[in-house]
Amino acid sequence: MDFQLDIIRAIQSIRFGFLDKLMEILTQIGDQFVFMGVVLVIYWFFNKKVAFKLVFSFAFSAVANELIKSVVKIERPFKEDPTLGVGEETSGYSFPSGHAQNTAVISTVLYKEYGKKNNWLKWVLLGAMIIVPLTRVYLGQHYPTDVLAGLALGILAALGLSKLVDLMGDNEHRVGLYMIPFLLLAITILYIIGVDYHHFKNVYVALGALAGFMGGYAIDKMMINNQFKPTGIKVLYRVLIGLIGVVICYVGLSVLFDLISVDNPILDAIRYAIICLYGTCGSAYLFKKLKV
């Protein structure tokens, strides 16, 4: 790893205060909260099946990422050389980069669906796939091989899993419903065998979120089916109704569950499942009732 540490040091040789802060901001493009925002915007305003592809690809990609990390167990660069750490330290193992992988999944799916017809979007997505990996190396959170592997895995996951969704035809919601018992079983097994919480937290979150999304997506498609596309001030109303509900779910459940048990993986899975339920069928029901 010495030559990779030298690469990080070379990149950090241009460090100064403003650039550090900028890199800390830009690295959040690959965060799960940015992903959730992208999915909600697409689900609420553009195409629900594209949102389905994103969640389907992202969740399985995230699980694969954590499983690989737990097997390979490579420590992060700032663990090898504490002087390389910039900003808040990321927990867990280093290989492959989750931020780079997340960005690759989002960029690949959106490029396939919209990038070929929107030249500006193509360059935005390409820029994200360059900037996020660079920030991870600059901040000393990942080695160059980590981000390259993350990009490759994210692209492969997005291509393969989005193709799988295409093969489902108009039955993707039924496939999603069939998956829920297996997702719940996986969560239960992980909890019973007692895997390390900090290394597998994202797996619980991904499985819980996927179960909630699949259930909510199916309920929306079969029972609500609101196809209304808002215009004018109704766009703002929809954004406010949707976001306020998501924030209430996230903050309210975080406070409540912390009172019950801190760092509880089952409660993490339940929290994200409920957030995804609201983001899909819950918000769709309110949009339809309020005609926004």
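How much of residues 120–141 is helix, how much is strand, and how far apart are the end C-alpha atoms? Select the span: 86% helix, 0% strand, with the end C-alpha atoms 30 Å apart. Helices (H or I, at least four residues) and strands (E, at least two) are DSSP runs, numbered from the N terminus.

This is a predicted model: local features need pLDDT of at least 70, side-chain atom pairs count only at pLDDT 80 or more, and totals for chains, interfaces and linings use all residues. Residues are numbered from 1 along each chain as its sequence is written, and side-chain values use heavy atoms, leaving out hydrogens and water.

Next, select 177–197. This span is also 86% helix and 0% strand, and its end C-alpha atoms lie 27 Å apart. An unreviewed UniProt entry lists "transmembrane region" for several spans, including 120–141, 177–197 and 235–257. Such annotations may be inferred rather than shown by experiment; positions follow the numbering used here, and feature names are shortened.

Move to helix α11, residues 233–260. Its 28 residues should span 40 Å at 1.5 Å a residue, and the end C-alpha atoms are 40 Å apart, which agrees. The expected span is 1.5 Å times one less than the number of residues.

Now pick the buried residues of α11: R238, I241, G242, G245, V246, C249, L253, S254 and F257. Buried means under 20% relative accessible area, exposed over 50%, partly exposed in between (1.4 Å probe, protein chains only). Show α3 (32–45) and α12 (265–290) too; both are among what covers these residues, by contact (heavy atoms within 4.5 Å).

Last stop: I131, in helix α7. I131 counts as partly exposed because its relative accessibility is 33%.
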